[in-house]
Amino acid sequence: MNALVALCHFCELHGPRTLFCTEAVHPPSPSPPQPGSAIPGDRDREADREGEGLTMRANSSATQRADMCEGCRSLPASHPGFVSVDSETGIRYLSHQHPRQPQLFSVVRQACVRSLSCEVCPGREGPIFFGDEQHGFVFSHTFFIKDSLARGFQRWYSIVVVAMDRIYLINSWPFLLRHLRQTIQSLQDTALKVFDNEQCVCPQRAVRMNSAFSPAVFPHQRSGNAARSLTSLTQHSNLWASLHSSFSWLLKACGSRLTEKLLEGAPTEDTLVLIERQTEQEEEMSGWDCAEGGGSNPQPSQSESVQPKDFQFDDGRQEDLLGPKFKSLRHLRQVLGANDFRQLAWHVLMGNQVIWRGADPGLIQSAFNVLKALLPVGCVRAVSYSPHYEEAYRCNFLGLSPDVPIPAHVSSSEFSMLVDVLNVERGCVNPVSDDDILSLYQFNISSANTQPTDKGPTLLNKIEVALSNENLSVEVVSLCLLCLKEEWMNKVKVLFKFSKVDGRGKEDTQKVLALLGATGPGEEDNVRLLKFWMTGLSKLYKSHLMTAVRGGERTLTQ
Amino acid sequence: MPTLLQKLFSKRAVGNDNGNARDCSTAAEQCWASSEFDLAQIRLIVCQECERRGRQVLFDSKAIHKLDASEPTADETKTPPNRSGACHIGSQASEKEKPPTYQYTRPASDVNMLGEMMFGSVSMSYKGSTLKIHHIRSPPQLMVSKVFSTRFGSSTSGSTNMLQDSFESSQTFPSHTSSIGVCRVPSAPLLCLARSASFFAAHSNPVDMPSRGHSEDGDSGIARSASLSSLLATPLPSPGSSFSSGCASSYQRRWLRSQATSLQHGPMPRWNTEEMFSLSDESCSSNPAMIRRKKIAISIIISLPEREEENHNFQEFFFSHFPLFESHMNKLKTAIERAMIVCRRIAESSQRVQVYLCRVMEALGEFRMTVWNLYMAPLISEPVWLSMISQSTERNLLCQRFLKEMSLLMDHGAKSQFLSALLTAVLTHHLAWVPTVMPSSLPPIKTACQKPASQTVDLLAKSHPYNPLWAQLGDLYGALGSPVRVCRTVVVGCRRELVQRVLYILSYFIRCSDLQEHVQPQGQMENPDNPTNPCSSQTTDPTPEKTFPPKPDPLKPTACVIEKALNPESVPGTSVEQNNDTLLTDTKSTNPSSSLESSTVRLECAEMGQECFGEDSDSVGGGLEHILANQSPLLHRVQFHIGSPRETENEGQAGDLSGAGCGRGLDRKLHQRLLTDIRRNESTDSALGDSDDEETSLQELYMATEQKEYELPLPSYHVESRASVNHFGRSLLGGYCPQYMPDFALHGISSDLRLKQCLMSDLEHTVLHPALDEPVAEALCIVADTDRLSVQVVTSQRRVCEGGRLGRDVMVSNLVHTLITSALQLYALNIASDFCVMHLEDRLQELYFKSRSLAEYLRGQTRVHVKELGLALGIESSDIPLLAAVASTHSPFVAQILL
């Protein structure tokens, strides 16, 4: 809890005193979302406060030291205090006679004085809440402790809980009252036993009644008696250690008395797929470690299971490669021209194999990076640069060196497209800027596809609008693309549920497509896109839907 | 045959028969009270204390009787409203042709003691307002007091004297002023009384509070508020670079709250510090000398139920709902101020008293009614959202009911797009749904499709506790945006069933976190080994106190403690620590990937690690860590440095830095302050002068922090967790209520008569005295009329509306409309209802993504091209208010651009 607990005493000779104080020191703050949001002007005010905190000490310290008595003291001056550490949260509970933090010194002092000599509690024993914004807020519980030598045979104490959060402190009233009562009861009971014992040995009332009252001697006697400490009143040698434990526990328990269950949105499919791939990859790695003694590097692009890794670390490699690169979809579109870009993007979105063949792996890699953003992560299987052809089921993005032949069944297939990156003939004497890709390369696009690529899918049409509007920054475009992808991913989920999980008929499916806004112009492309993207759903999601089917009896129908 | 909805609403009340046998025939919905709550249980006392005239009672509702020939009972408070009906005092009083006549009789015998409690035995020189709560054992009562300094106008010698004199001349008081029943006590006897009651007080001079005037300069008083800081805060990382965790905005709100209320920052002036009691309606230049002379206290005394259980329940309710009580007390205070100002203009004294009494009684009536309503009003027994997140087993059933009700309502208001309009308004203003759809970037714990609980917020709550009740209240009022706006929704209609249906559906969209309570089990409390019992036999024996260890290296001892806390092996593996491990190896062994998604995941891990350990690689570069490390004792700083692997290498250096450099700098500053402070204080020796300072010097205070404290184990902590009942999610989602109520985040009423009367002033009051305990820029109310099928939004900012209407009609957002349609069509196609609800959530998430694009778009624009938004982003003009509001929860700058 953002609070401190202190035990205070009204000393018959010295007035209200703070005896023992337990504060919770929180670990350095977790980084806020923005460090810049730190409260402005904080530092200056902090300095002021520290000064203030010491004001009261300075007023009085040296001159009043002689006025201390055992009753006003808990730990001896040389005692280092107590600490308990909550290992789970890093919160340290520190106990000393006074708070260590100077700005809290005056706060506690205020609370102590107000609790014992300003505020009025009916019956003198019981709870009060008081406070204001400047001095903090206090829950105080006053109580008597039996003392056979004290005036009226009792001494007056209070336990104060000080916090700045007024609302929380008030909210916690029932809790604090319940537990402080117990602590107080325990102190009182113990002191009462001591009192009874002392009274048996030497009944004070009799002593006092029998001793002659002399005004001259009286103050003298009393000051001697006033010096009893709480330890002696309870005959509890470890009293302060125990109080430390009680107070620390109270602060911890009160702080975690209420917890919130705060939900956040389910992770996106992209996140889930990435996590799945990472897990797979880790398992794979550990497998190799076992088999090969841990030292060897995994062979690249040899089996499907490596591809997730391939996907993830592609980008890192790209940084190492020099030369021109595609920076964004818009850049790619500018270089290729609107028509070629449209074709290329269409093939990517339909799930066709897109092969780039050229001498510059860095350039090809960058093209893939840019194009991958068009697809859900789960739909991307890339082999960024390979010395031989890889089948379409292995990868939908394939980079090849210039001399690799494309098998006939691939080049004649409508489900693939080839981009040949050709070096432009020119003298390589004058160095050209990296940006000027067109001055270096020429791009030939070929595909056996006969279908029109200019009608759909709707997603592509919208992306093109965003890309062509130079008024929109690259960041806006990428967010816009993200929105569109999420929108279509949600449609994919519905279609998956509908056709794969529930196994509905064609008619119903058509209804759902209409409902999803996938019908109309470009419908065919939309449907193809949805079907392709279905393969990119995370395993977790798919298995969840499968098991969530009513009764769990239905099986996959398609 | 009762409809499904009726069953739903009555379920709790019927099922709760064990314990409190309530009559459910009239009230189908549950409410707090298990028994009658009598209005006379609430008493108001106004007192003043001034130097010259001592303490005086200015009002005591117990001493006031209504003189009315037609009503023999003479005291309306004796007739509590009937249970199912509303409490109508306030409106009745104002509607009557002739105001009631009141008689002020002898104040009750306890006013003296109460006055003592209100002001304390020693008056404070602090000039802000002070809050106090007392518990009186017999008869059991709770007393809440606010003590204000007064502010006078320049023209009048303005005071309550005139009023006081009028009281006396009106001869309703007994002429004898003895110690019993004193209304005005001559100063001398009063002082005696005060002394005798507080014989133990060290001094009866006013206690001089150390003033911090200098620090208040240059501080508007609101800088500390969480909301304003969030307004100033730079937005979250741009989406291009990474995805912030889903809970980012909730996290930030809570984090700022924990900082704003942190003790470690010491007390700090806040936005409502300078609250005073105004005795003049002029905006006057207040005379500081006058201010200190007079204080006015307003106390509300609530008699507690006699029965133990009811007493307990009411107290739990009262303390958990205190912000609402306080807000209404502020309203009462304003009314009393007005009454005093107004009555002073009246020359004739008996009339003056009548006007004063009338006005205060009316305000008290209002207060009583509000409290009564809050405690007694019917509630939605099964709010959809809270039920869904708390009971996962019944999820399917809940989804089914919810969708069924929603499609019924959709059909009902199809022509006017009633539901779409209502949801547009609700989603725009009750913004707590936004964090619940912001995608989490952490791996799911259970199933993919269930929303995960936020781990970062959870971690924050543990290490930097804040008030979850406060967070929840903010959620319900939708106070997540920037600038902070609070909103309530009222559904009006004479068809009970229809209104209840609307309420039920809205209880899915108006969201808040669910609260759990962790308490010691009953048996545990009596256990002698209970940690709250310091004198148990088995208390932990610490290191023997006599054997003091040799003066240790200042850095070492804390280091070992911290290392223990940081060593993952000693703390059985939480996922976070494992994350940190992988993080470290990751960054070393592999090239950082620039792929958006994969870097995100790692980034999150890194952040988690840092949050847990509080390590920050750029601690030098300022930021809050830096400030904290500087302002707090060295211990803190030391702890901060060790944990971070980089810093351990230069451990010695770190020690030098903190021990010498920083320490000396601070030290010098402190010395200067000290000198000036001593000089300043020499003349005005404070009453607190003799304080207990046995420690020697400043230097020692600092050095002492480098001592090694004896470490004791934290007592084990056995708690029982249970769903909390006393929280706002349960209390502020009202059912079909007999009357309009100002507190509820959601409720239904049959007639908008009273709503029309009160709404504007309620909204204004909300802005002035928000129950939320942070400044509020605007208060709104959504009024949905199921009879006329209209939805309007009323705001505190626009007073006048065309055609005498309350507010403005809501424009239906196309995105919202398609969202609902799509979910309901899926439901109509007979797709499993929990999938339909998942789809609904997915579509809400789309709104969130769209708001991100809108925010990004606005970042670079000076003018908004609506057509461009439509073409490129699919955002139409009707969607802009909604998306802008959503965007303001994660990108505060949006509000500034759109304003």
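These legends walk you through several close-up views of a predicted model.

View 1. Start with strand β14 of chain B, which covers residues 746-749 and includes G748(B). Is this glycine buried or exposed? With a relative accessible area of 0%, G748(B) is buried, because anything under 20% counts as buried. Leaving aside residues up to four places away in sequence, G748(B) touches V491(B), V499(B), L503(B), G735(B), Y736(B) and C737(B). For a sense of scale, look for R863(B): 115 residues separate it from G748(B) along the chain, and their C-alpha atoms are 41 Å apart.

View 2. To get your bearings, find V864(B) in the loop between α32 (833-859) and α33 (866-873). V864(B) has a relative accessibility of 33%, so it counts as partly exposed.

**View 3. Two helices from two chains.** Here helix α4 of chain A (residues 173-201) packs against helix α10 of chain B (residues 308-320), with the axes 9 Å apart and an angle of about 125°. That angle makes α4(A) oblique to α10(B). Which residues meet here? From α4(A) come W173(A), P174(A) and R178(A), and from α10(B) come Q315(B), E316(B) and F319(B).

View 4. In chain B, S138(B) and P139(B) are joined by a cis peptide bond with omega of about -5°. You can find P139(B) in the loop between β5 (130-136) and β6 (141-151). Another cis peptide bond links S482(B) to P483(B), with omega of about 0°. P483(B) sits in the loop between α18 (468-476) and β9 (485-492).

View 5. D773(B) is not a glycine, yet its phi is positive, at about 65°. Look for D773(B) in the loop between α30 (753-768) and β15 (778-785) of chain B. Its relative accessibility is 4%, so D773(B) counts as buried. N830(B), also a residue other than glycine, has a positive phi near 70°. The loop that holds N830(B) runs between α31 (814-828) and α32 of chain B. Where D773(B) is buried, N830(B) counts as exposed, because its relative accessibility is 56% and the cut-off for exposed is over 50%.

Technical notes
Residues numbered from 1 in each chain as written. Chains lettered and ligands numbered in written order. Predicted model: local features only at pLDDT ≥ 70, side-chain atom pairs only at ≥ 80, totals over all residues. Heavy atoms only, no water. Helix = DSSP H or I, 4+ residues; strand = E, 2+ residues; numbered from the N terminus. Buried < 20%, exposed > 50% of the residue type's maximum accessible area, 1.4 Å probe, protein only. Contact = heavy atoms within 4.5 Å. Axes fitted to C-alpha atoms, helices over the stretch in contact; angles between N-to-C directions. Parallel < 35°, antiparallel > 145°, perpendicular 65-115°, else oblique.
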